[in-house]
Amino acid sequence: MSARLDVFAIPSAGKVIKQFMSLGRLVVESPLPAATRELVSLRVSQINGCAVCIDMHTKEAAAAGETSVRINLVAAWREATVYTEAERAALELAEQATRIADGAGGVPDEVWERAAKHYDEEQLVALVTLIAFMNTANRLNVVLQQPAGDYQPGQFK
């Protein structure tokens with residue numbers, strides 16, 4: 001399988017992708033905990049069916065020391081006992097924001113309040129930006145049919 005387009009070979013697309021990736025680096029440099037970033041990135045990618053991002057974030061999470069149990073249970077985090085209350089709040093916000101079209105009125109106040117209980121304003125900005133970034137990356141990759149399986153941890157750092 002190969003991608004529909006090689007965006008790095010198209011000058012205008014390459015510029016856009018480089019700018020887009022710089023936004024992702026800013027989120028990585030944010031005060032949002034690394035474990036939370038990887039778990040949220042993985043969950044958003046699972047919801048959107050983005051194989052290349054699932055590949056990337058499972059490998060990045062493992063390379064950062066996440067256990068296989070925590071990585072494997074992200075899809076069923078509500079029933080899993082291995083996440084902190086803060087991580088659960090971030091995962092809930094990520095799901096609600098990713099499935100925004102499924103619910104009339106967007107993200108419910110109680111979901112936001114649970115996240116705000118655990119994260120300060122800078123972390124909330126980073127969390128919301130991460131969720132939006134991942135949804136955009138997932139859509140780009142799914143539309144372009146980016147193949148998955150070959151990602152190496154740290155490849156885009």
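Which helices each supply at least two residues of the lining of the largest pocket? The legends below take up this question after an overview of the chain.

**View 1. Overall fold of the predicted model.** The chain holds 7 helices and 0 strands, and from the N terminus on its elements run α-α-α-α-α-α-α. The radius of gyration is 16 Å, close to the 15 Å that the globule rule gives for 157 residues, so the chain is as compact as a globular protein of that length. Along its principal axes, the C-alpha trace spans about 45 × 35 × 30 Å.

**View 2. Residues 18-95, the annotated domain.** An unreviewed UniProt entry lists this segment as "domain: Carboxymuconolactone decarboxylase-like". Over residues 18-95 the chain is 71% helix and 0% strand.

**View 3. The largest pocket and the helices that line it.** The space in this pocket amounts to about 1,100 Å³. Its lining comprises 41 residues, of which Met-21, Met-56, Phe-133, Tyr-151 and Phe-156 are the closest to the centre. Helix 1 (11-28), helix 2 (34-48), helix 3 (51-63) and helix 7 each supply at least two lining residues. Helix 1 gives the largest share, 8 residues.

**View 4. Residue classes in the lining of the largest pocket.** By class, the lining residues divide into 25 nonpolar, 7 polar and 9 charged. Met-21 and Phe-133 are among the residues closest to the pocket centre.

**View 5. Helix 7, residues 121-144, and its two ends.** This helix has 24 residues, which at 1.5 Å a residue should span 34 Å; its end C-alpha atoms are 34 Å apart, so the two values agree. At the start of helix 7, a side-chain oxygen of Asp-120 comes to within 3.1 Å of the backbone nitrogen of Glu-122. Just after the helix, Gln-145 adopts a positive phi of about 55°. Helix 7 also supplies at least two residues of the lining of the largest pocket.

Key. Residues numbered from 1 in each chain as written. Predicted model: local features only at pLDDT ≥ 70, side-chain atom pairs only at ≥ 80, totals over all residues. Heavy atoms only, no water. UniProt positions renumbered as here; feature names shortened; annotations may be inferred. Helix = DSSP H or I, 4+ residues; strand = E, 2+ residues; numbered from the N terminus. Expected span 1.5 Å × (residues − 1). Polar contact = N/O pair within 3.5 Å; in protein donor to acceptor, adjacent residues only side chain to side chain. 1 Å grid on protein atoms, 1.4 Å probe; cavity = no way out; pocket = protein on both sides within 12 Å on 5 of 7 lines; lining within 4 Å. Points joined across faces, edges and corners; volume = space filled by probe spheres on them. Nonpolar A, V, L, I, M, F, W, Y, C, P; charged D, E, K, R; others polar. Rg over C-alpha atoms; globule rule 2.2 N^0.38 Å.
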